[in-house]
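Hello,

Here is the structure I promised to pass on to you. Please have a look at it first, and then read my notes below.

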Amino acid sequence: MQKTVVMKKRQYYRASGGLKLLLGFIFVILVIFPLVRMLAYIDGGSLSKVVASTSFPQAVKNSVLVALTATAITLVIAYALAMCVERSGIRWKNMWNLVLVLPMLIPSISHGMGLIVLLGNNGLLTRLFNLDGNIYGMWGIVTGSVMYAFPVAFLMMKDVLKYEDRSPYEAAAVLGIPRWRQFTAITLPYLRKPLISVVFAVFTLVVTDYGVPLMVGGKFSTIPVLMYQEVIGQLDFGRGAVYGVVLLIPAVVAFVFDLMNKDRGNSTYVTRSFEASTNKVFHLASYLYCGLVSLCVLFPIVSFILLGFARNYPIDLAFTVKNMEQALNMNAGRYLMNSILIAVLVSVLGVVISFITAYFTARMKSKASRLLHLIAITSAAIPGIVLGLSYVIVFKGSFIYGTIAILIMVNMIHFFASPYLMMYNSLNKINGNLEAVGKTLGIGRLRMIKDVFIPQSVATLWEMASYFFVNCMMTISAVSFLATTANKPVALMINQFEAQTQLECAAVVSLAILLVNLLFKLLVYWMKKILTGKKSKNTTVVKEGCA
């Protein structure tokens with residue numbers, strides 16, 4: 001009997017080790033190998049052409065300048081918003097949270113188009129207030145980038161402030177330490193480590209984006225736009241690979257700093273959480289500030305509605321559905337279904353693979369698990385546009401090139417790191433002795449996963465699915481080099497319509513993406529609410545049974 005048990009254990013560990021090896025092999029093939037092939041694609045001629053080009057050093061300078069400026073503005077806006085939502089006593093916080101993250105539900109290229117519709121030569125606000133000036137150029141890119149990036153920084157800062165301990169501030173108040181000194185001595189040291197993550201996340205997001213610069217950059221060129229033009233316009237993969245390496249540098253530096261920062265950071269135990277402030281001035285200022293930022297968020301969306309259903313913009317704004325019909329006649333409906341299909345399949349496959357990988361790395365720790373964890377999060381250091389180019393170089397001419405399968409593959413790898421880390425952190429928080437208890441009771445790991453770990457982390461699973469789905473619906477970076485007329489996602493039609501001066505149809509597509517993402521977000525919210533209610537009910541039944 002004992003010999004049989006030992007044999008089963010050996011078979012199980014061999015199977016789990018084999019699965020770890022298989023997952024590691026898949027990540028190496030889909031993440032590391034394409035990057036190596038892209039690097040190998042660079043030759044002396046391509047490198048010398050890029051270095052000798054007059055546009056390259058200026059584009060590097062422009063990219064860094066825009067990214068630094070947008071990051072600084074974004075941090076100020078996001079921190080102030082997080083303080084207003086978390087620390088003030090304003091009402092309708094769920095509404096504010098929903099409105100303030102709406103920019104995350106539409107492609108970055110839509111933000112650039114929104115600026116054109118609002119502040120372009122024939123923009124709604126330009127004509128309404130007779131504004132002078134030009135939205136094209138550096139400040140247009142900065143404005144669009146801030147609109148695109150601030151929700152990410154806001155969510156990260158809000159999460160940091162939510163778990164800040166109030167006890168040090170109470171002690172400082174008792175000792176008579178002034179507020180400004182509390183901020184410099186308590187708040188800033190607490191924010192230092194999280195702030196590094198926020199800074200690098202926003203900087204990388206801005207410096208690697210080509211959607212906003214493509215729309216409102218004008219003659220102010222950035223590296224992602226040059227890369228897009230070289231590959232899409234001239235099919236020069238050698239020069240595109242050089243630009244890809246340049247874009248990898250800030251992303252990899254951000255990834256390494258963030259990794260080191262998380263490893264060194266210590267989790268704090270919150271003894272006293274903050275309560276809503278009763279200061280009326282702060283209360284009123286929070287309403288005004290949240291309202292002002294919400295208006296800035298809603299203006300582009302309202303402009304899409306006006307533009308998408310206008311008979312002849314900007315001359316005749318009478319309501320019509322002809323723009324929707326025109327977009328559908330140009331296959332927008334078919335491409336929307338492509339996007340939904342890709343997003344659903346990526347969500348399902350991504351959640352399954354993320355959960356399996358996180359279980360091995362979080363609950364079955366070993367040297368192989370640590371290596372698998374490192375490879376699994378490596379994709380976070382690769383900008384989407386670079387990943388897309390590397391996939392073109394590797395898979396061009398293969399049986400999956402030009403199919404939906406390659407778009408599913410590249411999107412899953414592109415967005416894999418964040419959902420994986422969600423599940424990794426969730427599984428790490430569950431009692432580490434459960435497997436030992438299960439082993440004592442004769443309960444196998446598969447049954448523990450089915451009856452314990454999945455029910456405990458079901459809310460996280462839905463959040464992971466939401467992350468995969470929303471990002472797949474709106475991404476244009478990873479898929480821009482891989483899409484064909486047969487498998488094209490609908491987000492890529494925005495640039496196509498804008499190039500054909502059909503802004504009305506582009507607005508319709510942006511609204512369709514926003515609507516689909518909102519519906520999926522509502523589905524996730526509804527499912528989490530139902531599951532939370534069931535969990536609370538089951539907990540009550542257990543407590544009553546024990547009593």
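Predicted model: local features only at pLDDT ≥ 70, side-chain atom pairs only at ≥ 80, totals over all residues.

Let me start with Met409, which sits in helix 18 (residues 404-414); helices here are DSSP runs of H or I with at least four residues, numbered from the N terminus. Met409 counts as buried because its relative accessibility is 17%, where buried means under 20% relative accessible area, exposed over 50% and partly exposed in between, with a 1.4 Å probe and protein chains only.

Residues are numbered from 1 along each chain as its sequence is written, and side-chain values use heavy atoms, with hydrogens and water left out.

A straight helix of 29 residues would span 42 Å at 1.5 Å a residue, but the end C-alpha atoms of helix 9 are only 36 Å apart; the expected span is 1.5 Å times one less than the number of residues. There is a bend of about 50 degrees at Arg192, with the proline Pro194 following within four residues. The bend is the angle between axes fitted to the seven residues ending at a position and the seven starting there. Among the buried residues of helix 9 are Ile186, Leu191, Val198 and Phe203.

Helix 13 has a kink of about 30 degrees at Leu298, shortly before Pro300. Pro300 itself is one of the buried residues of this helix, a list that also includes Cys290, Val297 and Phe304. At the start of helix 13, a side-chain oxygen of Asn279 comes within 2.9 Å of the backbone nitrogen of Val281.

The nonpolar patch

Which residues make the nonpolar surface patch of about 800 Å²? They are Leu19, Leu22, Phe25, Ile26, Ile29, Phe33, Val344, Val348, Val352 and Ile356. Helix 1 (2-41) and helix 15 (332-363) are the elements that give two or more residues to the patch, and helix 1 gives the most, with six. Val348 belongs to helix 15. Patch residues have over 30% relative accessible area and no salt bridge; nonpolar side chains (Val, Leu, Ile, Met, Phe, Trp, Tyr) are joined within 5 Å, like charges within 9 Å. A salt bridge is a side-chain nitrogen of Lys or Arg within 4 Å of a carboxyl oxygen of Asp or Glu, and accessible areas come from the Shrake-Rupley method with a 1.4 Å probe.

Some single residues

Thr501 has a positive phi of about 55 degrees although it is not a glycine. Thr501 is in the loop between helix 23 (493-499) and helix 24 (503-546), and counts as exposed because its relative accessibility is 66%. Trp92 also has a positive phi, near 60 degrees, and lies in the loop between helix 3 (55-87) and helix 4 (93-100).

In helix 22 (residues 458-474) you will find Asn471, which is buried at 16% relative accessibility. A polar atom of the Asn471 side chain lies 2.8 Å from the backbone oxygen of Tyr467. Finally, Ala506 in helix 24 is buried at 0% relative accessibility.

Best wishes

Terms used
Polar contact = N/O pair within 3.5 Å; in protein donor to acceptor, adjacent residues only side chain to side chain.
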